[in-house]
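Here is a two-chain walk-through in questions and answers. Keep the sequence and the 3D view open as you read.

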Amino acid sequence: MDAYQKYLDPRTLARLHGLELRARSIVEGYVAGMHRSPYHGFSVEFAEHREYVPGDDLRYVDWKVFGKTDKIYLKQYEEETNLVCYLLLDTSESMRYKSEQAALSKLEYAQCVAAALAYLTLQQQDSVGLATFDQEVRTLLRPSGNPSHLKQLLHVMEESRADRKTSTGPIFHDLAERLKKRGIVVILSDLFDDVPAMLSGLKHFRHRRHEVVVFHVLDPAELDFPFQRTTLFKGLEQLPDVLSDPRALRKAYLAEFQAFIRQVQLGCRAQRADYVQLRTDQPLDLALSSYLSSRLTRATQ
Amino acid sequence: MLLGLWVHPAMLGWLAAAGVPLLIHLLNRRRHREIEWAAMQYLLAAIRKNSRRLKIEQWLLLAVRTLLVVAIVAAVAEPVLERSGLLTRIGQPTHKVLVMDASYSMAYKPADRSRFDRAKQLAEQIVAESSQGDGFTLVLLADPPQVIVGTPSFAPTEFLGEIAALKITHGGADLAATLAKIEQILQAARREYPRLGQQQVFFLSDLGRTTWAPDATGAAVAEFRERSQRLGDAAVMTVIDLGQSAAENMAVEQLRLADPIVTVGQETQLAAEVRNFGRQPKSRQMLELLIDGRRAADRVIDLPPGGRVTVGFPHRFDAPGDHAVELRLAADLLDVDNHRYLALPVKDQIRVLCVDGRPSGGEFKSATDYLAVALSPAAGQQLRARVRPEVVSERALLDADLTHFDCVFLCDVAQFTDREARVLRSYLNWGGGLVFFLGPQVMADNYNRQLAHPTAEDHRVLPAQLLRPVEEAHYGLNPLQYRHPLVTAFRDQEQAGLLTTPVHKYFKLQVPEKSRAQVAVALDGGDPFIVEEPLGRGRSILVATTADATWTAMPMWPSYVPIVQELLMLATRGQIPEHNVLVGQTLGGLLPSASGQSVDIRLPAGETKRATVTGDGAERYWSFPDTATSGIFQAQGAARPANQATSESFAVNVNTVESDLTQVDAEELSRDVWPGVRYYHRTNWQNSDAAVDAEIVVRSRLHLWLLWLALALVVTESFLTWFTGRQAR
């Protein structure tokens, strides 16, 4: 393993503290030697005002309006950058799960991926926005191409608490309405939810002509179900506890789980969304390369 | 009782182990680990769809494991599904032969019940636990074997009555003969009761070595083993061991009289031999002598382990008639052999008839003159001589009732008629003693024809045939190393002159082959001089020369008186043994002509039974074979006229071979007694008193099936584990 590649290994990342450091490690490891993005976004044309939300670049605050109304509004321009990336991070309780085989919990892994993508995107002068959600949207950071935006993104992500249920369908509909600008919607979630509802949310994104990349973050234990001894499975997200002999159940569980994954995959394909399954014990380069290929697709459209 | 269905009920404690799989299952559930689980909805869905199958699999596996433990434990405990009739072919009626050891070692009483009582109880239990339709037969393992119920009985109540009425014998047991009887019974039952599809033989015995491993050799052993093998193949044989391995026992082995004949006022020696068959020394054991039920003497003795002690009791009888002597040893756990009986006819005088074949007027000229003096040398000096000789001529032989005499001496009698020969033979049969002296008048052909015909064994009177008179001087007799009791008294008594007795003429005698005749004394040339043989119940003695000085100087020799006395003693020897027999031997005798038509036997227990009388006219015999117990038997109406009594006493004693309580152990039984024979050996019943109820009686081959079942369950369990485990792969 080359020196930089080891930073893509979740085990290595787990030893690093702080998302920024992790993100930097990932991206440096992945894109070492790559050229900067050839896409320079620019715009001078004023489009509209909108209310300030934390994380917005203060450079775009319309101080005149502030002087008149004491309210902070931002000036918005057409085509701030040539690429906008929306990172939708699932912070529901199920994302907290971490098996013994994995070095990071699904949430941590997803955070790493999100952070790395944000870093990468910002490095390339593109804009990145972030939404964290469980059964509702917890935080929404508008996309920005400002390198200092990264700090805010990372802060929001680090602050997020995974302790609620998921409800992807309505969230996606909501966000699809709110994310005005076309871009790449990167969903980082285990998607343990009502799949048809989730897919209809995706459809909404596609309707808004977003490019959608679904990073399906799964723990290896969820995929392999390697348990041997009698186990009390304590349900997350208000599901009941179950005491059972996992050996006897393994086959049936795996069938159910594969059916779920297949449903998601088929749904994504139908929506022409990219589906990428991420095992939390695998290096993160898969996530990055998938993203980059999506971005390339977007750029060439 | 449920426990009664197992050979090793104690093993059933391990059935608790059947709970182990369940316990492990529960423990596993208790000792689970806990994890948080995100993908719960898929797990729930899997459970929802599979819960039924999972439950079934789990219970099936648990059941198989539990059953496996149960099967193994049950196999080890060896079930006997006797009661439910599941033995080998379900529901088939069984012919059960109960063989009860009735040898007297079964009277051994280690607790409040004797071995025989236990055997009865077990027999009753076997009957009680049998299924309807089973048939029972009952055989006593005794000597000779007794078939009590020979054809299968289907009435348990009556059969139980037969068991309850069984009495132990005071004899031994003949296993080989008993097996022959059992085989006959089984064969007959198979023929006549074909619906009794199964056959079982139960031996309830203490496995005494004397019964189960008697000293037999060659063909007898081979036949015994073959028969056992046939029995083992035809029937399920079960040996139930009722013995105790370290049983101690003492017995009075012998009660002897030093003299063959006892007269009033004469001091006689009673010698008792006591043996300790145990492994512990026995000290200070009381030994009592009872005469006619009254205590006459006692002695305290110490017995080393396995040792014998001989004790002498001098005694003088004051009254004539039959006396019952009993020697009693302090009671131990087996009392039967602590008593020894002796029926002793005590005579007023010993009456001897001397038949003079050559009477003569002169003093010491006739054939019996010296003899009469030698028989009673002290006559005239004593008020009452011990021996009373009566001299008669040969013609008087038919007139005299010989049964009045203890012994008859025939001296130089020329010849015998048919009738005389018959009288002499019946006298022998009755138990009398005959002593023949020969002489110049003797017609050898007549003697050989009438008295020593080789083809008429039942009518023989002489122990040897007469060949021819030989005239050559001999100055010495050969006592043949003093082996014969006639001459043992002369050992180391050179002055008695036996060795130097001069004989110058004698009959050459020929002892027939295959007879019991013995040469007691020979001439120095090797020719037989005195030949004797027990014939009938009595004894006949033949001396090759004369009783007077015609052919020999013996009557003048110092050896003459002792020789004549010894001849008298030897000739009368038959009387006491005749009255003292072992258990199982037949009592009997010649019925005196004056007596009535019947003889009643009074048994030691007090009851009276009638003896069988055979023959007619002058020769009528009575016999009584039913001597199953030891003690004094009285024969009413069989007394000899000489005894001036109405009854005669007989003593029946145990054969103390049976007193040795050593057992054959399981290994010897399978190795030496019944090699290759299929049988079951039960010993564990005596572990506790309570276990008596658990006495089982049959060992089936069910435990083997259970082991097969266990094996099948192991395979099933492995398959199930693999099958359910397949879900995990």
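**Strands, sheets and an interface**

Q: In β24(B), which residue is the bridge partner of B:Val531?
A: Strands here are DSSP runs of E with at least two residues, helices are runs of H or I with at least four, and both are numbered from the N terminus. Two strands pair if DSSP finds at least two bridges between them. β23(B) and β24(B) pair in the antiparallel sense over six bridges. In β24(B), the partner of B:Val531 is B:Leu542.

Q: What kind of model is this, and how are its residues numbered?
A: This is a predicted model, where local features need pLDDT of at least 70, side-chain atom pairs count only at pLDDT 80 or more, and totals for chains, interfaces and linings use all residues. Side-chain values use heavy atoms, with hydrogens and water left out; chains are lettered from A and ligands numbered from 1 in the order written, and residues are numbered along each chain as its sequence is written, from 1.

Q: Which residue takes a positive phi in the hairpin of β23(B) and β24(B)?
A: Look between the two strands of the hairpin. Two residues lie there, and the one with a positive phi near 60° is B:Gly536.

Q: Why is β24(B) largely enclosed by the rest of the structure?
A: Buried means under 20% relative accessible area, exposed over 50%, and partly exposed in between (1.4 Å probe, protein chains only). One side of β24(B) has B:Gly538, B:Ser540 and B:Leu542, and the other has B:Arg539, B:Ile541 and B:Val543. The strand is largely enclosed because its buried residues number six of the six.

Q: Which residue of β24(B) is the bridge partner of B:Val435?
A: Strand β18 (residues 433-437) of chain B pairs with β24(B) in the parallel sense, over five bridges. The partner of B:Val435 is B:Ile541.

Q: Is B:Asp527 buried or exposed?
A: B:Asp527 sits in the loop between β22 (518-523) and β23 (528-535) of chain B. Leaving aside neighbours within four places in sequence, B:Asp527 is in contact (heavy atoms within 4.5 Å) with B:Tyr506, B:Lys508 and B:Ala522. Its relative accessible area is 16%, so B:Asp527 is buried.

Q: Which strands stand at the edges of the open sheet in chain B?
A: The sheet has five strands in the order β8-β14-β13-β10-β11, with mixed pairing. Each edge strand has a single partner, so one side of each is left without a neighbour in the sheet; these are β8 (262-263) and β11 (294-303).

Q: What area is buried between chain B and chain A?
A: Across the interface, 26 residues of chain B are in contact with 34 residues of chain A. Buried area is the accessible area (1.4 Å probe) that two parts lose on being put together, summed over both. Carbon and sulfur atoms give 65% of the total, which is about 3,000 Å².

Q: How many salt bridges are there between chain B and chain A?
A: A salt bridge puts a side-chain nitrogen of Lys or Arg within 4 Å of a carboxyl oxygen of Asp or Glu. One of them joins A:Glu100 to B:Arg33, with the closest N and O atoms 3.5 Å apart. The count between the chains is four.

Q: Which residue in β1(B) is the bridge partner of A:Phe233?
A: Strand β8 (residues 231-235) of chain A runs parallel to β1(B), and five bridges join them. The partner of A:Phe233 is B:Ile35.
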